[in-house]
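Subject: Handing over the structure

Hi,

Here's the structure I promised to pass on. Have a look at it first, and then read on for what turned up.

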Amino acid sequence: MGKRVNAFLKDRHFRVRVNGEFSSWFAVLSGIPQGSNLGPLLFIIYINDLPEVLNSLLTKIYIYADDTKMYRCIHDSKDSYMLQSDINKVKTWADRWLLRLNISKCKSVTYTLREHVDFSYYIEHENVCHSLDKVETFKDFGVQFDNKLTFDGHVQEKINKAYSVLGIIKRNFIYVDKSTFILLYKAMVRPHIEYAHSVWNPFFKGNIDNIEKVQKRATKLVISLKHLTYKERLEQLKLPTLKYRRAKGDMIEVYKIIHNHYDSNATVNVSLNNNTATRGNKYKINNYTFHSNIRKYSFCPKVVNIWNSLSDNVVDAENTRLKHVWTNSGEIRICCMITEQS
């Protein structure tokens, strides 16, 4: 095995072709071929010890491919200096293993509702200290995080993108029937306003209504249903509201976390309530304490009431489809018997 890996990495050469003309051959001094099967595995092995270089256990580091994030709870200037020390450790490790950091893409952001110590973090390169840009928002895995965690910018960005796609559909299809609309809408529009919703699920009524308006406008593309109300159009198309789908998605995520479908080190900690004297299913969750809306409407606290209202046959089933039906009073979630007023 060692000889094969050695042959994979050594004695590689490359050349460049422009308009049919080739350059001379040059030796590949670092890196591996892109698109190879061994590439991701070797890279993981290569950076596997990075979290071990940190000075403090209070500084956490998360790595996904070549994207690394560090964070620490800052209570005073001492914590800031400790975080800076860990940044220096990561830079030293990168220099040792010949991994060049893209300093222009390194940013710092502070999440707080209070006044905080204004500390400038930096990365030293060739004896020059490069200050990290302080930003109020940044995008991570397609989700735009702002420093207040309101996700207003992300919601508006995805709404604009969804409307843009709806415009493309409208310009290219003169007539859209039910089946065609369902295919186009589910494949091209809805994913933009649902991706990673468990992270940014809005709690402000304005954002909730603005997201729902995307589906309201989309369903009007079906000419035969245009004269109906929004609720009637959804009944004809057998579509639930987007608000319901977000709640349903949260329940699926809780199910996967509790039943260990995810790596426990990479998920939120869901605390189970083992008190059999209280109402709820066999996997009921403890209530959380919170002092702000950001905490109150974050993933763990917001799922407690709905999850605890589910029956045992739902939370313990291997294959469960959360269904919905329509009545005159609105949408009823059969899985948890909660009525959503229209």
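This is a predicted model: local features need pLDDT of at least 70, side-chain atom pairs count only at pLDDT 80 or more; totals for chains, interfaces and linings use all residues.

Take C106, which is in no disulfide: the nearest cysteine sulfur belongs to C129 and is 14 Å away. Seen from the other end, the closest cysteine sulfur to that of C129 is the one in C106, and 14 Å is too far for a bond, because a disulfide needs the two sulfurs within 2.5 Å. Both cysteines are partly exposed, C106 with 22% relative accessibility and C129 with 47%.

Strand β5 (residues 60–64) pairs with strand β6 (residues 67–71) in the antiparallel sense, over five bridges. There are two residues between the strands, and A65, in the turn, has a positive phi of about 55 degrees. Across the pairing, Y62 stands opposite K69 in β6.

K69 is partly exposed at 25% relative accessible area, whereas D140 is buried at 11%.

The model has 12 salt bridges. Here are two others from that set:

- R190 and E194 meet through their side chains at 3.8 Å, N to O. R190 is buried, with 8% relative accessibility, and E194 is buried as well, with 13%.
- K302 and D250 meet at 3.7 Å, N to O. K302 belongs to helix α11 (residues 299–308) and D250 to helix α9 (residues 242–258), so this pair ties together parts that are 52 residues apart in sequence. D250 is buried, at 4% relative accessibility.

Going back to K69 for a moment, salt bridges that share partners join D67, K69 and D140 into one network.

On to the rings. The structure holds 11 aromatic pairs. In one of them, the rings of Y81 and F119 have centres 5.0 Å apart and planes at 85 degrees, so they meet edge-to-face. Y81 comes from helix α3 (residues 77–96), while F119 is in the loop between β7 (107–108) and β8 (122–125), so the pair ties together parts 38 residues apart in sequence. Is each ring buried or exposed? Y81 counts as exposed, at 55% relative accessibility, and F119 is buried, with a relative accessible area of 16%.

A second pair, F138 and F145, is stacked, because the ring centres are 5.9 Å apart and the planes are at 20 degrees. F138 is partly exposed at 27% relative accessibility, and F145 is buried at 18%. As for Y81 and F119, they form one aromatic cluster together with Y121.

Two arginines also lie over ring faces. R12 is over the face of F8, at 5.0 Å from the ring centre, and R15 is over the face of F22, at 3.9 Å from the ring centre.

Finally, some helix details. In helix α8 (residues 230–237), the buried residues include Y230, K231, R233, L234 and L237. These cover an arc of only 160 degrees around the axis, which puts them on the same side of α8. Just after that helix, K238 takes a positive phi of about 55 degrees.

Then there is T180, placed in helix α5 (residues 178–189). T180 is partly exposed, with a relative accessible area of 26%.

Cheers

Definitions and conventions:
Residues are numbered from 1 along each chain as its sequence is written. Side-chain values use heavy atoms; hydrogens and water are left out. Helices (H or I, at least four residues) and strands (E, at least two) are DSSP runs, numbered from the N terminus. Buried means under 20% relative accessible area, exposed over 50%, partly exposed in between (1.4 Å probe, protein chains only). Rings of Phe, Tyr and Trp (its six-membered ring) pair if their centres lie within 6.5 Å; planes under 30 degrees apart count as stacked, over 60 as edge-to-face and the rest as tilted. A charge sits over a ring if NZ of Lys or CZ of Arg is within 6 Å of the ring centre and within 35 degrees of the ring normal. The arc is that of the directions from the helix axis to the C-beta atoms. Two strands pair if DSSP finds at least two bridges between them. A salt bridge is a side-chain nitrogen of Lys or Arg within 4 Å of a carboxyl oxygen of Asp or Glu.
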